[in-house]
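Morning, everyone. I have one structure to walk through today. Here it is on the screen.

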Amino acid sequence: MLVLVAPGQGAQTPGFLTPWLDLPGAADRIAAWSDAIGLDLAHYGTKAEAEEIRDTAVAQPLLVAAGLLSAAALDASPTVVAGHSVGEITAAALAGVIGDDAALRLVRTRGLAMAEAAAVTETGMSALLGGDPEVSVPHLEKLGLTPANVNGSGQIVAAGTVEQLAALAEDMPEGVRRVVALKVAGAFHTHHMAPAVDRLREAAAGLEVSDPTVTYVSNADGKAVATGDEVISRLVGQVANPVRWDLCMETFKELGVTALIEACPGGTLTGLAKRALPGVKTLALKTPDDLEAARALISEHASA
């Protein structure tokens, strides 16, 4: 059983889209999406510096565009799809819940709304490396921080004000080896993002929605969601609620997933899967050079 997953914000790096634009039709597709949402995706994916693509309003559409482009090039038929944070919009398109163009328009609204919410207070996110969630979560709450991403394999991402994150760096929970600031510009998946929820709900109201054609696993609780309306409802609410990627991986286990491929820019979710899903074969799509190996993995999986 194959699961195709899409990464979230922070996975982007300068120039990561460059090799993908050499694929047949890719540049035209990116240009059309750019025109539709009023954002030069080709520029940001090939020429922009790290600080430019750290901007929430830029990073999120760029990640969804790259995920959809790489998935189309792979031309796979996964049994299960899921995405981490903004990657859930990519997954919704891959599951047939919304069209690709609608996904880009929705993520453009999401990115702008979350950037505006983040501008109200200076906030951010930091990953805790190591430690026990049962110890770390109460410690974060004591500091006024939110465990915004519970990613499994002992990894938790804390979110809150810069002052709260500075306090965390000085006062780490017992067992945590290191606290690493993430390349994001806000405390996503916390109450700081509440203003973005209404904006996203308005944008989602006009979408043409279908039920998923494959199993869609939700960040909210790791459950498979059967209806398109419920997928969209969860997409709207998730900007201000924690991501439970640990529960998504538990569901992959329960479903009997045997192979996991991560859409471009891959690496983060395959790293988590290697630790949390022993025995599951993983592959990250970083450049088109990875497509051949990914197709071989799919072929092997299908034969099995």
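Start with Asp75. Asp75 is exposed, at a relative accessible area of 66%. Bear in mind that this is a predicted model. Where does Asp75 lie? In the loop between helix H4, residues 56–74, and strand S2, residues 80–83. Now look at the backbone there. Asp75 has a positive phi, about 55 degrees, and yet it is not a glycine. Most residues other than glycine have a negative phi.

His189 is another case. Its phi is near 65 degrees, again positive in a residue other than glycine. His189 sits in the loop between S6 and H9. Is His189 buried or exposed? Buried: the relative accessibility of His189 is 2%, and the cut-off for buried is under 20%. Asp75, by contrast, is exposed.

One more positive phi comes with a hairpin. S4 and S5 form that hairpin, with two residues between the strands. Ser153 in this hairpin takes a positive phi near 55 degrees.

That brings us to the sheet with S4 and S5 in it. Four strands make up this open sheet, and the order is S4-S5-S3-S6. The pairing is antiparallel. Which strands are at the edges? Strand S4, residues 146–152, and strand S6, residues 176–181. Each of these two pairs on one side only. From one strand to the next, the twist averages 25 degrees.

Let's take the pairs. S4 and S5 run antiparallel and are joined by five bridges. Within that pair, Pro147 is opposite Ala158 in S5. On to the next pair. Strand S3, residues 123–130, pairs with strand S5, residues 155–161, over six bridges, also in the antiparallel sense. Then find Ala127, whose bridge partner in S5 is Val157.

How much of S5 is buried? Seven of its seven residues are, so S5 is largely enclosed by the rest of the structure. Helix H8, residues 162–170, lies across S3, S5 and S6. H8 runs at about 135 degrees to S5.

While we are in this region, click on Ser136. Ser136 is in helix H7, residues 133–142. Ser136 counts as buried, at 1% relative accessibility. What does Ser136 touch? Leaving out residues up to four places away in sequence, the contacts are Leu128, Gly131, Ile156, Pro173 and Val176.

Next, the other sheet. This one is open too, with six strands in the order S8-S7-S2-S1-S9-S10. Here the pairing is mixed. Strand S8, residues 224–225, and strand S10, residues 281–284, stand at the edges. Each has a single partner strand, so one side of each is left without a neighbour in the sheet.

Go to the S10 end. Strand S9, residues 259–262, runs parallel to S10, and four bridges join them. Leu260 stands opposite Thr282 in S10. Follow the chain into the loop between S9 and helix H12, residues 268–276, and you reach Pro265. The peptide bond joining Cys264 and Pro265 is cis, with omega about -5 degrees. Most peptide bonds are trans.

Now helices. Helix H10 covers residues 228–237, and its buried residues are Gly228, Val231, Ile232, Leu235 and Val236. Why do they line one face? Seen down the axis of H10, they fall within an arc of 135 degrees, so one face of the helix holds them. What covers them includes helix H5 (87–94), helix H6 (100–120), helix H9 (194–205), strand S7 (215–217) and S8.

The crossing is right-handed. On the H6 side, the contact is made by Leu106, Thr109, Arg110, Leu112, Ala113, Met114, Glu116 and Ala117. On the H9 side, the residues are Pro195, Ala196, Arg199, Leu200, Ala203 and Ala204.

That's the tour. Over to you.

Definitions and conventions:
Residues are numbered from 1 along each chain as its sequence is written. This is a predicted model: local features need pLDDT of at least 70, side-chain atom pairs count only at pLDDT 80 or more; totals for chains, interfaces and linings use all residues. Side-chain values use heavy atoms; hydrogens and water are left out. Two strands pair if DSSP finds at least two bridges between them. Axes are lines fitted to C-alpha atoms, for helices over the stretch in contact, and angles run from 0 to 180 degrees between N-to-C directions. Contact means heavy atoms within 4.5 Å. Buried means under 20% relative accessible area, exposed over 50%, partly exposed in between (1.4 Å probe, protein chains only). The arc is that of the directions from the helix axis to the C-beta atoms. A crossing is left-handed if the near helix is turned anticlockwise from the far one by less than a right angle, and right-handed if clockwise.
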